[in-house]
Amino acid sequence: MIFNPEVIIEKLPELANGLLVTILLWVAGIAGGVVLGFLVATARRFGGFVTNAVLGSIVEVLRGTPFLIQIFLLYYGGPFVGLMLDPIPCGLIGLMVYSAACYSEIFRAGFGAVPAGHVEAAGCLGMTRLQTIRRIQIPEMAVIVLPPAVNLSVILLKESAVLSIITVPELTATVSAIGSQQYAYLEAIFILAVVYWVLVELTDRIGRLAEYRLSRLRFSKA
Amino acid sequence: MTFKIFTLLLQAAVSTIGISLVSIAIGFVIAILLSAANLSGKAIYSAPARVFVSFFRGVPLLVQLLLIYTLLPAIGLNVPSIVAAIVGLSLCTAAYQAENLRGGFASVPKGLIEAAEVTGLSPRQTFFRIRVPIALRLTLPALVNEAIMILKSSSLVSVVGIIELTKMAQDLASSTYLPIPIFLSAGLIYLVICSVIALIGRYAERRLARTSI
């Protein structure tokens, strides 16, 4: 067995390009997922029984099926209903929808974890419902949801590798293409694994740091 | 979509279930070994275990599968791709299960371990008869979750050419030009299997809750 990573290092600019696409997709996926997921969680909590039931079943379906199947449905099924998408927008939409479903569950649990006494106290002090949501429920929720949200972000980074299957030119697709061109597939995949590993560990560390900083603001569990 | 296509999908779902079950079982055994290494308190055992868990939780499963699929032949092991797929899934789930079990082992009451030592159980007996059963009970919900994750992740082994539910759906979709009904059916089958696992998990939890620690 010959292990010769230099042939991959030569192609560093291409690798950096793939990394950039992965990070952009990831960040956009998180941003879109957090915003959409928050809207879904809010609608489910305050939107009445029907809204809750409908959104709840959509979330269950998205969380109970493989991401790959969802992507295939969107990419190969889309054109049959007039939805012609290039790989990158298709991957981005798929990632956002999937992450929105997952984030919405985190936010829903967060809403549930805010003590009812705090909400009642805000009501007694004369805050309107919107004020209570904005000034009491959201800030308290932010502290609670941070650890699972960081965890989910890491999962999404790893899920984004799946997008290589529908030819999105992200890190996995780029590096395995380099590996095939250079006849150094094993080296390429090895470097690919290390890059993801470093990215995930880094995200984890940053997340833990943020948790530590925020934990000082944590309210007493009363 | 005809009945025949749906039957083919169901048949492929059986291999999805088979691959997932075997991987979860092998992964569980490795996870117990990893936990033993972690709890040994000796760096020669616990450091490699930590690196293993960190690596397999830090690298996308797809990349792990590609790595194992290319690495095994490169070191002279020419195994069928199904073996590579099961090895990949098992190692990945072992890392996640070990991480779940870590929390369980940490919550085993100290008094029970001390009591076991006082009673004269060897460290190995204490591990297998006291710590493992209690940790297992404490982490059951997390392990059920992990089983669901692996079932969904097993869709990725289609990439190394294994015919399971996802690969079958992909092949059928491209040969019949009916991607929407076929992928929807495949999704539905995954959803049903996941729900069944969740139900079994809830049942097992209720059974175990009767005997408190």
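This is a predicted model: local features need pLDDT of at least 70, side-chain atom pairs count only at pLDDT 80 or more; totals for chains, interfaces and linings use all residues.
Within what distance do the axes of helix α5 (residues 110-119) of chain B and helix α6 (residues 123-153) of chain B come, and at roughly what angle do they cross? Residues are numbered from 1 along each chain as its sequence is written, and chains are lettered from A and ligands numbered from 1 in the order in which they are written.

**View 1. Chain A comes to nine helices and zero strands.** Helices (DSSP runs of H or I with at least four residues) and strands (runs of E with at least two) are numbered from the N terminus, and from that end the elements of chain A run α-α-α-α-α-α-α-α-α. Along its principal axes the C-alpha trace of chain A spans about 70 × 45 × 25 Å. Of its 222 residues, 41% count as buried, where buried means that 20 or more other C-beta atoms, placed from the backbone, lie within 10 Å of the residue's own. Two residues are in contact if their C-beta atoms, placed from the backbone, lie within 7 Å, and among contacts in chain A between residues at least 6 apart in sequence, 76% join residues at least 24 apart. UniProt, in an unreviewed entry, places the feature "domain: ABC transmembrane type-1" at residues 15-204 of chain A, in the numbering used here and with the caution that annotations may be inferred rather than shown by experiment. That span of chain A is 83% helix and 0% strand, and its end C-alpha atoms lie 23 Å apart.

**View 2. Helix α4 (residues 67-77) of chain A is largely enclosed by the rest of the structure, because ten of its eleven residues are buried.**

**View 3. Helix α8 (residues 171-181) of chain A meets helix α9 (residues 185-215) of chain A, their axes coming within 7 Å and crossing at roughly 155°.** That makes α8(A) roughly antiparallel to α9(A), a description kept for angles over 145 degrees. Axes here are lines fitted to C-alpha atoms, for helices over the stretch in contact, and angles run from 0 to 180 degrees between N-to-C directions. The crossing of α8(A) and α9(A) is right-handed, that is, the near helix is turned clockwise from the far one by less than a right angle. From α8(A), the residues that take part are A:L171, A:T172, A:V175, A:S176, A:I178, A:G179 and A:S180, and these meet A:Y185, A:E187, A:A188, A:I189, A:I191, A:L192 and A:V195 in α9(A). The residues of this contact divide into nine nonpolar, four polar and one charged, with Ala, Val, Leu, Ile, Met, Phe, Trp, Tyr, Cys and Pro counted as nonpolar, Asp, Glu, Lys and Arg as charged, and the others, Gly among them, as polar.

**View 4. Chain B comes to eight helices and zero strands.** Read along the sequence, these follow the pattern α-α-α-α-α-α-α-α, and the C-alpha atoms of chain B fill a box of roughly 70 × 45 × 25 Å along the principal axes. Of the 213 residues of chain B, 39% count as buried. The UniProt annotation "transmembrane region", from an unreviewed entry, covers residues 12-39, 134-157 and 177-200 of chain B. Over residues 12-39 the chain is 100% helix and 0% strand, with end C-alpha atoms 40 Å apart, whereas residues 177-200 are 92% helix and 0% strand, with end C-alpha atoms 37 Å apart.

**View 5. Where the chains touch, 30 residues of chain B are in contact with 28 residues of chain A.** On the side of chain B that touches chain A, α2 (43-58), α3 (61-74), α7 (165-176) and α8 (179-210) each supply at least two residues. Helix α8(B) gives the most, with ten residues. By class, this side of chain B has 21 nonpolar, eight polar and one charged residues.

**View 6. The axes of α5(B) and α6(B) come within 10 Å and cross at roughly 145°.** The crossing of α5(B) and α6(B) is right-handed. Here B:L112, B:I113, B:A116 and B:E117 in α5(B) meet B:T126, B:I130 and B:R131 in α6(B). By class, this contact has four nonpolar, one polar and two charged residues.

Terms used: Angles under 35 degrees count as roughly parallel, over 145 as roughly antiparallel, 65 to 115 as roughly perpendicular and the rest as oblique. A residue is buried if 20 or more other C-beta atoms lie within 10 Å of its own, exposed if 12 or fewer, and partly exposed in between; C-beta atoms are placed from the backbone.
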